[in-house]
Amino acid sequence: MLHGCHDGIGSPTDFRFEERVPVVVVRPAMSRPVRVRIAPSPTGEPHVGTAYIALFNLAFAKKNGGKFILRIEDTDQERSRPEWERQIMEGLRWLGLLWDEGPDVGGPYGPYRQSERAEIHKQHAERLVEQGHAYRCFCTKERLDALRAEQKAQKLNPGYDRHCRDLDAATIQANLSAQKEFVIRMKMPTEGQTTVHDLLRGEVQFENGGVDDQVLLKSDGYATYHLANVVDDHLMEITHVIRAEEWINSTPKHILLYQMFGWEAPVWIHMPLLRNADKSKISKRKNPVSILDYKQRGFYPPAVLNYLAMLGWTMPDGRELFSFQEFVDNFSFDRMHLGGPTFDMEKFTWLNGKYYREKLSDEDLVQDFREQLFSADYLRKIVPLVRERINKGEDFIPATDYFFSGDVTLDVEAMKPKKKTYKELVAAFEPYTERIDAQVDFSASALEAWTRAFTEELGFSGKELFPAIRIAISGREASPPLFDTMSALGRALVRRRLRSALAALKAAATEENKRLQKEASEAKKLADAAAKASKETPADPSAVQATLAAMVEPVAVPEGPDKKGR
């Protein structure tokens, strides 16, 4: 749901289109100097998909002597965080995907944070209202909820019913005088088609009547993605919009906004989505997706770029190892494939190993290990946690090996509280693993406060859940203070180990359930047999006992020495 806009109806992917005229085909000119951008939202960790799109934007800009811009789309004030913005920049810099203009380096088209451009967006929204291309919508959240429920009950496609589209001037003024909250909606054409000319996909047609009257300005005064995106791209003179294919269904709205403002549209290039092995959209449930996760795992940045470049694109000679500059020199969108590239961790790891063996000298590896695995900053986090546990230098590695490895060996049995089943532990451990991603502050104090609140919410005690978490993240039943350890390990590694532990616990819960079902089945058979024997010979209890005794196999006691060896 859009925050502050009272509108959760419809989505950019809800459209169904048919052939119909008239048709508007937009083919933007390409005479301007190339300017491209990426515009990530700081609502979570830097995603590998952001790096993928950034790589192709940067390569295209360099190939054409253009500029690469970083713009932060932080209009979602509820979820955006400065910490995520910093991590996005850190991840892109680590990969060497450096921008010419952005929030930190400035530039002639700033500001480069959308939240700092709110007044610009508001002025443009009002301009559309004045020109008759948009309107104020005073519908309350309650009315929209009721509309949505009614559409669902009637099995209709969700969408705004344009209730406020044709309000008369007197009603609008009365609502404004009463200080009623409103959003500004785009006045979509109700007939005809808009055709997107995509550089990779050719002409893609959309029926205008199937597109909702999109909210452009929310009641909190911030623009939605659609308005802010178009206004900022125009004012920053973006010539080519290179983004993921999931946005292609929103492009008709963007094209119509360009037309309403009387602006020249950019060239549209919608890149294929990265996929898991099962062809679903890449997600943290099936693959590591955080750029900083790869950094902590010790992947070599040029190898990461090399692998990302191979996803949907091939070198003219088919080779798999190539530098970023070689990628730029040979770059052309003609070599893109739209089949949905599979993100294969096994091949990714193999390629990184090829770099280690064929591209890097021993000294290069020493330097890389120092920077990524044994940096002074990382050691400064670890040493205070273990100094009371070691007496000499050679004790350090055995005491801290889990800080420098990927996965840890788990004692799943030791993770289970004595009075809980594996099923009960999974019921607590799974939401903990999922929710930890939302913790912006990963300091020890914040993690402890949140975890204690979480255990109380689920009816667990710290004594029951904390040991399981400790074993999951360290592989040990005893370690330095739990939350200090988690903070030092970092979000990416903690998440990875929690997910591995969760998988092991689910497997144990499955086996436990099978065993309990088997025991219940055997108990039922014994009870049924006893009941049957009782009915047949009710006056002879010894017969029932004999029947039961015959059904239970005696436990064989092997001959051998007793506890004293006799």
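Which residues is Arg495 in contact with, leaving aside its neighbours within four places in sequence? In this predicted model, the residues in contact with Arg495 are Glu45, Ser290, Asp293 and Asp437. Arg495 belongs to helix H20. Its relative accessibility is 6%, which is under the 20% limit, so Arg495 counts as buried.

**The chain as a whole**

The protein chain has 566 residues, and buried residues make up 46% of them. Its secondary structure comes to 21 helices and ten strands. Of the contacts between residues at least 6 apart in sequence, 76% join residues at least 24 apart.

**The second largest pocket**

The space in the second largest pocket is about 900 Å³. Its lining is formed by 31 residues, and those nearest the centre are Glu90, Gln296, Lys381, Leu489 and Gly490. Six helices are named as supplying at least two lining residues each: H2 (82-95), H8 (291-297), H12 (362-372), H13 (376-386), H19 (482-489) and H20 (491-536). Which helix gives the most to this lining? Helix H8 does, with five residues. Sorted by class, the lining holds twelve charged, eleven nonpolar and eight polar residues.

**Helices H18 and H19**

Helix H19, one of the helices that line the pocket, also meets helix H18 (residues 462-474), and the two axes come within 10 Å of each other. They cross at roughly 35 degrees, and the crossing is left-handed. On the H18 side, the contact is made by Phe466, Ile469, Arg470 and Ile473. On the H19 side, Leu482, Phe483, Thr485, Met486 and Leu489 take part. By class, the residues of this contact are seven nonpolar, one polar and one charged.

Asp484 is also found in helix H19. At 34% relative accessibility, Asp484 counts as partly exposed. Not counting residues up to four places away in sequence, Asp484 touches Leu385 and Ala444. Asp484 and Leu447 are 37 residues apart along the chain, and their C-alpha atoms are separated by 8.8 Å.

Glu457 and Ala428 are 29 residues apart in sequence, and the C-alpha to C-alpha distance between them is 9.8 Å. Is Glu457 buried or exposed? With a relative accessible area of 53%, Glu457 is exposed.

**Helix H6**

Helix H6 (residues 225-235) is mostly covered, with nine of its eleven residues buried. The buried residues run through Tyr225, His226, Leu227, Ala228, Asn229, Val230, Val231, Asp232 and Asp233. What do the buried residues of H6 pack against? Their partners are strand S2 (35-38), helix H3, strand S8 (215-217), strand S9 (240-244) and helix H7 (251-261). Just after H6 comes Glu237, with a positive phi of about 60 degrees.

**Backbone details in the loops**

Neither is a glycine: phi of Lys155 is about 55 degrees, and phi of Arg162 is near 60 degrees. Lys155 is exposed, whereas Arg162 counts as partly exposed.

A cis peptide bond joins Gly110 and Pro111, with omega about 0 degrees. Pro111 is placed in the loop between H2 and helix H3 (118-130).

**Accessibility of the residues discussed**

The table gathers the relative accessibility of the single residues described above.

| Residue | Relative accessibility | Class |
|---|---|---|
| Arg495 | 6% | buried |
| Arg162 | 23% | partly exposed |
| Asp484 | 34% | partly exposed |
| Glu457 | 53% | exposed |
| Lys155 | 77% | exposed |

How values were computed
Residues are numbered from 1 along each chain as its sequence is written. This is a predicted model: local features need pLDDT of at least 70, side-chain atom pairs count only at pLDDT 80 or more; totals for chains, interfaces and linings use all residues. Side-chain values use heavy atoms; hydrogens and water are left out. On a 1 Å grid over the protein atoms alone, a cavity is a set of points where a 1.4 Å probe fits but cannot get out, and a pocket is an open set with protein on both sides within 12 Å along at least five of seven lines; lining residues have an atom within 4 Å of a point. Grid points are joined across faces, edges and corners, and a volume is the space filled by probe spheres set on the points. Helices (H or I, at least four residues) and strands (E, at least two) are DSSP runs, numbered from the N terminus. Ala, Val, Leu, Ile, Met, Phe, Trp, Tyr, Cys and Pro count as nonpolar, Asp, Glu, Lys and Arg as charged, and the others, Gly among them, as polar. Buried means under 20% relative accessible area, exposed over 50%, partly exposed in between (1.4 Å probe, protein chains only). Contact means heavy atoms within 4.5 Å. Axes are lines fitted to C-alpha atoms, for helices over the stretch in contact, and angles run from 0 to 180 degrees between N-to-C directions. A crossing is left-handed if the near helix is turned anticlockwise from the far one by less than a right angle, and right-handed if clockwise.
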